[in-house]
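This report is intended to be read beside the model. Please keep the sequence and the structure in view while reading.

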Amino acid sequence: MAETARLYDLAKVLRSKNAGPFELTLDVMFDDEETYQTVKRSGVINRDLICRLYRVRPEDVYHVVSFDAARAIKITIKRPVDSGGIGDTDVYGAQQHAPLIDVMIPIEG
Amino acid sequence: MLGYGFPEASFRRGLGRRPDVIAVDAGSTDAGPQKLGAGTGTVSRQATKKDLLSILAGGHEQRIPVIIGSAGGAGAKKHVGWSMEVIEEIVRERRLAFEAAVIYADIDRAYLHRKLDESKIEPLGPVPDLTHASIDGAIRIVGQMGCEPIMDALDHGAQLIVAGRAYDPAPFAALPIRDGFDPALAMHLGKILECGALCADPGTAKDAILGYLRDDHFIVEALDDSRRCYPTSVAAHTLYEKSHPYILHGPGIELDLSECVFEPQTENSVRVSGSRTRATDKYTIKLEGASQVAFRTIFIAGVRDPILIENIDEITQGVADQMREDYREVPESDYQVLFHIYGKNAVMGSLEPRGEPGHEIGVVMEVVAPTQELANAICATARSTMLHYPYVGRKSTAGNLAFLYSPSDISCGPVYKFTVYHLVEVDDPCELFRTEYLKLG
């Protein structure tokens, strides 16, 4: 039977940051090839998931891309409010990764 | 990052490797538009001076160029001037001497009006189209220079180059590109070096880092014994704060890093190869301009009562409604009353998928209005309204808020917004940037 693991436990790096004042970028990175490939191949991290977790529209998810050389998956979304603008809640965008923590990834049992 | 500090020992170790250039990035738009708008910096003068003392002394003794990018933080004339004062003070005190170049990044408004009429300006991301009014309304507008103005200053024999707003990798990449190295490798190396040792593990922007550029690869070496560069840490930094992991846009250049290979070189250094450039059909410069849009007043308080916490959304809504009533002479569109409920959803706002509050919550109430006086007035009324606001089942009838400070209300001053965040197409990469040459010391 397939088991699952939390993304937070599988990832070496799970972070968020501004990519310019109007975009928020989420990086999920792994320190071994096997874990990276397991997560990448699972297909769990996709546009639909991001829309659901962050409650954003598909057109506001700019990228969901994997980068093999860095064993990384990057997700970039539109910021709800521009960095430092009225109503912004995280000027550097550094604490917006939390919804990804509990994403469950199927792993070989 | 200039002003973050670095261990003198690792900087000296780097100098011992006989580098060809010392470069440092001093800027960022990370902290929002207020540094550009207000003309202030992110780091203190004292911290900047301390870092510059080492850097200028190092450059002087090794007879190698020192290049500072985005001087003073936002890289406008005011920020560059601030940096030059510190530099001149050091030059005097330490009896140093430099042939210096100061490259200004402030953009002439008449130039932008003309470019706008020629349809040579487009938005960069989700910003409205540029208008003549937004050009005139911005407090200051800077352009993010590429390598070319810095290369030009090097050609003029400058040993110290203080550049206004610059593409972060440019101060690192300008000298090698001028000397004929592959621009893709030079820019990629610059992208990694510009945050100091953030590409090492443990990462920090408070340490020096060394790059070796060769014909078909580069090497990044950690300089402090407490950290090492690993292929994963260097690769990780490649995609740091970037929209896309391996396509990076810069002035006149587009990097494609999809085929990069990151390999261990020694136990504390990494070899990178395979960085490529893609041809760009036009040369564009990023424009940044900030406008003042409001004034802000806040208070900070805590809430511990469980029934009060349960009702917090109704209470904050009630307070905001009451303000519309109390200030009905002020147009509603003129001001905003915002609540940040820490312990519930203050960090993520509309992006927060969970909503259950903790056993205590923090309340930051914020009023933004066209004048400081009005922001103060509404904040004071809203504060007293919330303090005594009635709700169903209330038992703690003496007061709703545990204020952190007395006085409770804090005037925060002006609020800024990036009203210019666009790309302008140029004929010459240097046409926006004015360079002054001077002899220091």
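## A helix and its buried residues

In helix H3 of chain B, the buried residues are Thr48(B), Asp51(B), Leu52(B), Ile55(B), Leu56(B) and Gly59(B); a residue is buried if 20 or more other C-beta atoms, placed from the backbone, lie within 10 Å of its own, exposed if 12 or fewer, and partly exposed in between. An α-helix has 3.6 residues a turn, so residues three or four places apart point the same way. The cover over the buried residues of H3(B) includes strand S1 (22-25), strand S2 (66-69), helix H4 (77-94) and strand S6 (160-163) of chain B.

H3(B) covers residues 45-62, 18 residues in all, and spans 25 Å from its first C-alpha to its last, close to the expected 26 Å. That expectation is 1.5 Å times one less than the number of residues. Just after H3(B), Arg63(B) has a positive phi of about 55°.

## Basis of the description

The model is predicted: local features need pLDDT of at least 70 and side-chain atom pairs count only at pLDDT 80 or more, while totals for chains, interfaces and linings use all residues. Residues are numbered from 1 along each chain as its sequence is written, and chains are lettered from A and ligands numbered from 1 in the order in which they are written.

Helices (H or I, at least four residues) and strands (E, at least two) are DSSP runs, numbered from the N terminus. Chain B has 13 helices and 19 strands. Of its 441 residues, 48% count as buried, and its C-alpha trace spans about 75 × 55 × 50 Å along the principal axes.

Two strands pair if DSSP finds at least two bridges between them; S9(B) and S10(B), the latter residues 253-256, are joined by 4 bridges. Among these residues, Gly250(B) has Ile253(B) as its bridge partner in S10(B).

## The contact between the chains

The contact takes 41 residues from chain A and 40 residues from chain B, two residues being in contact if their C-beta atoms, placed from the backbone, lie within 7 Å. On the side of chain A that touches chain B, strands S2 (13-18), S3 (23-29), S4 (61-67) and S5 (72-78) and helix H3 (47-54) of chain A each supply at least two residues.
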